Amino acid sequence: MPVSPAPALAQTAGTDTAPLGIGLEGFAYPHPVFFLERMRDGERQRLAYMDVAAEGQANGRTVVLLHGRNFPSSYWQPVIQALTRAGYRVVAPDQLGFGKSAKPVGPYTFDAMAADTLALLDSLSLKRVDVVAHSMGGMLAVRLTRNAPTRVNSLVLEAPIGLEDYRFTVPPVSDATLLRLEGDATAESYRRQLMTNYALSLPASAIEPFVSLRERVKGSGEYPRWLQSFVNSYQAIWGQPVVHEIPLIAVPTLFVMGENDHNAPGKPFAPEALRAGMGRNAEHARTLAGQMPSGRAVVLPGIGHLVHMEATDRFNTLTLEFLNGH
């Protein structure tokens, strides 16, 4: 049952190498963090979120930002600034399993994640919102919109994954294998993974905060729990496709894609003959947008997977033009 959220205590980032708790205790977010209590795996779990008021003249609308798998909601700061300056209230949750939220150990489902998001909206008395979602957040946004279409006014999908059914190209991978591979990841291999898989036009220094966060949680006594939770999110991405539902979304939808983004979760596990056909994300977005009642795709040349960080001004302009038009 939702309860009134309470402000988090002020956090300090500490040094770049100091261990962090798996709830990122000690790592500062750009705005105050609140918590909503949830139940998962028979345990009380805390859903963290930022709730940022509009600056100046409020327009009465709220945008919910849904993050990707490898990032905390704090990475939305450039978007939060643009939206609040334009009169929007912004709610940016860390889904359970990510950022400052609790880390479930049981299987993930996008239905449960959508239910968590709806519970948050209910606790804040938000009847209808606009949604901006990145990467894995795009899969969640699709399920949220399908499960509760009257609660979503419009949808911006930034470089979403899930534009293909990965089960058709990637065989099942056991938790044990994933735990071993993720547990063996080093700062250098993770940095290389993000730069390469995401085809980033950013310098490596721009993603260093995320590499540092992953390294620092290894110092927590609960790191095995974090690792299991992270692996569970991969299994949801692989095993719970949303691509077949995207053409059924009736709300106005804008895809903002990086031309160079060929990210496809599980690609290294796919047979070599199939890998080249995976991750045609801009092409898939155009096709899916054309199948939707009110879909449009914009592809930005020279940009990879982190559109709102690689092309901040262009992304913010496109997003605001779209939101203001609906």
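User: How much space lies in the largest pocket?

Analyst: About 620 Å³. Keep in mind that this is a predicted model.

User: Which residues are closest to the centre of that pocket?

Analyst: Of the 25 lining residues, the closest to the centre are Glu 182, Gln 193, Asn 197, Gly 266 and Pro 268.

User: And which helix gives the largest share of the lining?

Analyst: Helix 5, with six residues. Helix 4 (175–184), helix 5 (187–197) and helix 7 (223–239) each supply at least two.

User: What's the lining like by class?

Analyst: The pocket lining has 13 nonpolar, nine polar and three charged residues.

User: OK, cavities now. How many of 30 Å³ or more are there in the whole structure?

Analyst: The search finds one. The largest cavity has a volume of about 220 Å³. Its lining has 17 residues, and the closest to the centre are Asn 70, Phe 71, Pro 72, Gly 99 and Trp 226.

User: Which helix gives the most there?

Analyst: Helix 6, with four residues. Helix 6 (208–217) and helix 7 each supply at least two residues of this lining. By class, the cavity lining has 11 nonpolar, three polar and three charged residues.

User: Switching to helix 3. How many of its residues are buried?

Analyst: 10 of its 12 residues. Gly 137, Leu 140 and Arg 143 are among them.

User: What do those buried residues pack against?

Analyst: Strand 4 (62–66), helix 2 (110–123), strand 6 (129–134), strand 7 (152–158) and helix 7.

User: What span should helix 3 have, and how far apart are its ends?

Analyst: At 1.5 Å a residue, the 12 residues (136–147) should span 16 Å. The end C-alpha atoms are 17 Å apart, which agrees.

User: Last topic: how many aromatic pairs does the count come to?

Analyst: 11 aromatic pairs. In one of them, the ring centres of Phe 27 and Tyr 29 are 6.1 Å apart and the planes are at 85°, so the pair is edge-to-face.

User: Is Phe 27 buried or exposed?

Analyst: Buried, because its relative accessible area is 15%, under the 20% cut-off. Tyr 29 also counts as buried, at 11%.

User: Why is the pair of Tyr 234 and Phe 269 edge-to-face?

Analyst: Because the planes are at 70°, and over 60 degrees counts as edge-to-face. The centres are 6.3 Å apart. This pair links distant parts of the chain: Tyr 234 is in helix 7 and Phe 269 is in the loop between strand 8 (253–258) and helix 8 (272–275), 35 residues apart.

User: Which residues form an aromatic cluster?

Analyst: Phe 71, Tyr 75, Trp 76, Tyr 198 and Phe 210 form one.

Conventions:
Residues are numbered from 1 along each chain as its sequence is written. This is a predicted model: local features need pLDDT of at least 70, side-chain atom pairs count only at pLDDT 80 or more; totals for chains, interfaces and linings use all residues. Side-chain values use heavy atoms; hydrogens and water are left out. On a 1 Å grid over the protein atoms alone, a cavity is a set of points where a 1.4 Å probe fits but cannot get out, and a pocket is an open set with protein on both sides within 12 Å along at least five of seven lines; lining residues have an atom within 4 Å of a point. Grid points are joined across faces, edges and corners, and a volume is the space filled by probe spheres set on the points. Ala, Val, Leu, Ile, Met, Phe, Trp, Tyr, Cys and Pro count as nonpolar, Asp, Glu, Lys and Arg as charged, and the others, Gly among them, as polar. The expected span of a helix is 1.5 Å times one less than its number of residues. Buried means under 20% relative accessible area, exposed over 50%, partly exposed in between (1.4 Å probe, protein chains only). Contact means heavy atoms within 4.5 Å. Rings of Phe, Tyr and Trp (its six-membered ring) pair if their centres lie within 6.5 Å; planes under 30 degrees apart count as stacked, over 60 as edge-to-face and the rest as tilted.
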